[in-house]
Amino acid sequence: MVRRITKYGEQILKTKAAEVTKFDENLRELGSDLVETMYAENGLGLAAPQIGESKRVFAIDMRRRVDTETPCVFAIDGKELPLDIAMPLIAVNPEVEEIGEYVIVSEEGCLSFPGIYAEVERSEAVKMKYKDVDGNPHELVCEGLFARCVQHENDHLDGVCFIDLLRSKELFKIDSKLRKLRKQTREFLKENK
Ligand SMILES: [Zn+2]
């Protein structure tokens with residue numbers, strides 16, 4: 001089911017999400033709702049708090065990246081897999097470790113901040129331990145845009161959004177857009193109480 005995306009100004013985006021303890025039908029449904037909503041909104045990744053569920057789950061589909069020329073470098077459980085087999089990736093209770101030698105600055109957006117983009121520093125590579133929706137443990141190692149996406153989605157589970165990582169100069173550039181969005185969200189919440 002396609003769900004409504006929560007927007008900047010909603011408390012759930014600032015809340016630390018809860019560990020998943022039950023690997024049941026509800027979790028599988030949350031996983032498929034995440035994927036469906038991500039596809040409907042044309043996103044590369046989506047975290048559960050962005051569809052109103054404060055749980056440690058996110059989805060990514062690297063096949064939806066704009067630049068398909070740049071190869072997507074990753075391994076799951078030590079194996080390099082074709083994207084069509086690995087995606088969509090649904091990560092439950094992820095633990096992300098930054099393993100990049102470098103930090104890369106690149107433009108980032110977020111479905112909870114429509115139309116707002118900013119340059120964000122991220123580690124070039126990460127290692128992530130996670131479980132799939134059936135509770136099986138896995139380990140992902142990835143770099144580049146995939147690693148950026150993992151860090152962005154994982155931050156959502158800790159109540160951190162990309163704007164929280166900006167230098168004040170970058171934040172200043174998008175300040176008026178942020179105010180406008182926060183006002184819109186406030187009005188939406190008032191009307192939909
Ligand atoms: Zn986001």
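Here is a short chat about the strands and the cores.

Mentor: First, this is a predicted model, where local features need pLDDT of at least 70 and side-chain atom pairs count only at pLDDT 80 or more, while totals for chains, interfaces and linings use all residues. Residues are numbered from 1 along each chain as its sequence is written.

Trainee: Why are β2 and β4 called paired?
Mentor: Strands are DSSP runs of E, at least two residues, numbered from the N terminus. Two of them pair if DSSP finds at least two bridges between them. Strands β2 (residues 57-60) and β4 (residues 89-98) have 4 antiparallel bridges, so they qualify.

Trainee: What makes a set of residues a nonpolar core?
Mentor: The members are buried Ala, Val, Leu, Ile, Met, Phe, Trp, Tyr and Cys residues joined through C-beta atoms within 7 Å. Buried means 20 or more other C-beta atoms within 10 Å of the residue's own, with C-beta atoms placed from the backbone. The largest core here has 34 residues, and L34, F58 and V150 have the most contacts inside it. Helix α3 gives the most, 6 residues.

Trainee: How many residues does the second core have?
Mentor: That separate core has 5 residues, including C110 and F162.

Key. A residue is buried if 20 or more other C-beta atoms lie within 10 Å of its own, exposed if 12 or fewer, and partly exposed in between; C-beta atoms are placed from the backbone.
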